[in-house]
Amino acid sequence: MKLLKAAGFGAIVLLSAIARAEEKNISNDPMQTIRESNQIIRLDPSNALAYGRRGNAYVEIGKYDEAIADFNQAIKLNPNLVNAYNNRGNASFNKGDINAALSDFERTIALDHNSAAGYNSRGGVRLHLNDLDAAIADFNQAIKLDGKYVMAYNNRGLARFKQGDVEAAIADYDHAIELSPTYSAPYNNRGSAQFYKGNVEEALTDYNQAIKLNPKSADAYGNRGEARIRKNDLSAAIEDFDMTIKLSPSLAGAYVGRGLAFTQLGNLDRAISDLDRAIELDPQSAAAHTHRGFARIKLGNFDGAISDLDEAIRRNPKDGSSYNFRGMARSRQGNLSEALEDYEQAIKLNPQYADAYNNRALAQFNRGNFDDAINDFDRAIKLDPKNSATYNNRGITRKEKGDLDKAMVDYDQAIKLDPQNAASYQYRGIALIEKKDFTGAIADFDHAIQLSPASSDAYVGRGFAYAQVQNLDKARSDLEQAVKLAPHSAAAYKNRGYVRIKLGDFNAAISDLDEAIKQNPNDARSYFYRGTGHFQRGNIAEAKSDYDQSIKRDSGFADVYTMRGLVRFKSGDVKGSILDYEQAIKLDPHNVDAYGYRGDSRYAQRDIDGAIADYNQVIKHNPEYARAYNNRGYALFEKGDISAAISDFTKAIDLDPNYAQPRSSRAHVRLGRGEFKEAFADLIEVVRIELGNMPTELSLAAESAKSNDPDQDIAELNALIQQGQRNATIYLRRAISQGMKGNLSGTLADLDEALKIDPEYKPALTLRKELLAAKNKYKDI
């Protein structure tokens, strides 16, 4: 944000010497001069010069009425006393009586066409009235009459500065300083010209010198305060404005400057107090209304801000900052069309106003006009290439457009410009999450947390990244810290709920997501995650309701259609599930889950070719997806392509040796083909996977079956049973041997015997379940 020029800093220097030849005999102490003049006037009441000297001393101490009375008496005693007219004009000017001042300066010049002081003083009034060409003509004449007239060079510099001829202004200030190196005013004014050019260090050097030469210069302290704000040295700026106010308590501009510094520090109550005081002192101050409006924006008082900015624009319709700030307030209220109109006007008034381009870009972003937003960010960066925030904003816009690589370039530049800005690391961390570079994202969030330990958002981002690499304990810890730092953060609750779903703590997850929705009822993801929590608990109706709410808030979110399709499938609405999967695929053509689930739905509708086509898409996008090979194997089996089906089941097993379903499927097909040994080898693995370990009796049975004749195993086990060793493990072993021989009826009978002995015997239960499923599939087994 550009600091508005506060009224009152860089004052015109009108007061000139009464008569340089006479000043040698007068004390530099105004009070001493008054005492000496009083004594002269008592002795000689007709001494016009004594009244003139005393009037000049009164001007020095701000007693303008007393000064004017003395100058009136001097003129009465000597109507041709040129300097008395000139100095009375100065007193009237300082009192605010501009017409009286101009009349006196005209009279000065009429009495003495060679009065350099008269031309300088009249030029000062014309400068005050913004009649710049006439003012410069007067200063030129003063300099022509007195080539060493320091004040005339200083004042001409002010006029040239107001005309926009900054270099010519600086040349005049340089000349004034060369003529009088101990005169503070041109240092102060040159500092203002350097500040305008953006040369803040040079400006500070000049302000420091002005203060050194005149420690009571309120203007110099005020200007240095502005420069320190530009450098973000806010505490030092406040000290300067404190001194300005001490030296000149009625200077409204000092309160404006200090109010702005307090605003930047976030001390908004102090800021408003100062800006209120500025308006009390100068109700006409557009700058005070502008900055109070800005402070009110930060307080969230948008109506109050707009009221202030309306007033500022009424008083100064050519100030782009007021339009820019009003646009900000309107944008925060959601009035984007009116905000854009204000930004347009701000840019029209000042085509070099980088902040207005940046803010217009943000409004375009909020309307979804990403290309227009990027164009404005480009202009803002061209005008102000060192503003890291604009690079961040352009990066966010590019990310929303899906251009992550260009977004990363912007975030990198923002960090290069300001390595201490935690937000830049957070934005880059979010982009890295989208690029699936979770390690890089965690490193960026680490940096953000180091720079800003109280940033809830950084913990949220890092927690989410940890969740993606399955470091769920660290994820939960980060999100708990985020909730602690920001108890009303919807994002913190939402992501903690997401992590709790991954941890299987569905009740706690739903509780978190309830809170997230309470804090932000419009966040689609919170409904999506809560729907998933309900789905995992088997609450199908609640899950569908949440997925409906998620889609209502964000119809472009593919995953929610996938999950709603799954819910519909589970509810028996196969047709509706296919419609949802189709929408998910339309939104995200690489959504393997949507293809996979649509394949399942098509399979359920006996659209076998459609199912195979969907499973082919899954495998195309993710050749390592074991489930897709398993399900395609089922579909191929239904088409009668048994060899291809076994090939798919085998591929699924190779990809995931602990995936029970393809082993079960291959076992069923092998049983149907009479490949009993191979089938039971698969079934033994299914039991191992289901139980989480390989029971000894299964291991023995498998090894025996591989190395021996099943008839020999059966004979040995029969002998053990006849000897009275009737336990479940022996019947299980004989069941497997019978199965490998192809006697499935004998296998089922032995499994029944095992379960009579031990009804909870899991190996027998699992094996029996698999065989019954196979018999259901192959009626002739």
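## Arg-606, between two helices

Let's start at Arg-606, found in the loop that links helix H35 (592-604) to helix H36 (608-621). In this predicted model, Arg-606 has a positive phi of about 65°, although this residue is not a glycine. Its relative accessibility is 48%, so Arg-606 counts as partly exposed.

## Asn-232, in another loop

Now turn to Asn-232, in the loop between helix H13 (218-230) and helix H14 (234-247). Asn-232 is not a glycine, yet its phi is positive, at about 65°. Is Asn-232 buried or exposed? Asn-232 counts as exposed because its relative accessibility is 57%, and the cut-off for exposed is over 50%.

## Helix H34 and what covers it

Helix H34 covers residues 574-587, which makes 14 residues.

Which residues of H34 are buried? They are Val-574, Gly-576, Ser-577, Ile-578, Asp-580, Tyr-581, Ala-584 and Ile-585. As a guide to reading such a list, an α-helix has 3.6 residues a turn, so residues three or four places apart point the same way. The cover over the buried residues of H34 includes helix H33 (558-570) and H35.

## Ser-92, a buried spot

Finally, visit Ser-92 in helix H5 (residues 82-95). Ser-92 has a relative accessibility of 5%, so it counts as buried. What does Ser-92 touch, leaving aside residues up to four places away in sequence? Its contacts are Ile-68, Asp-97, Ala-100 and Ala-101.

Conventions
Residues are numbered from 1 along each chain as its sequence is written. This is a predicted model: local features need pLDDT of at least 70, side-chain atom pairs count only at pLDDT 80 or more; totals for chains, interfaces and linings use all residues. Side-chain values use heavy atoms; hydrogens and water are left out. Helices (H or I, at least four residues) and strands (E, at least two) are DSSP runs, numbered from the N terminus. Buried means under 20% relative accessible area, exposed over 50%, partly exposed in between (1.4 Å probe, protein chains only). Contact means heavy atoms within 4.5 Å. The expected span of a helix is 1.5 Å times one less than its number of residues.
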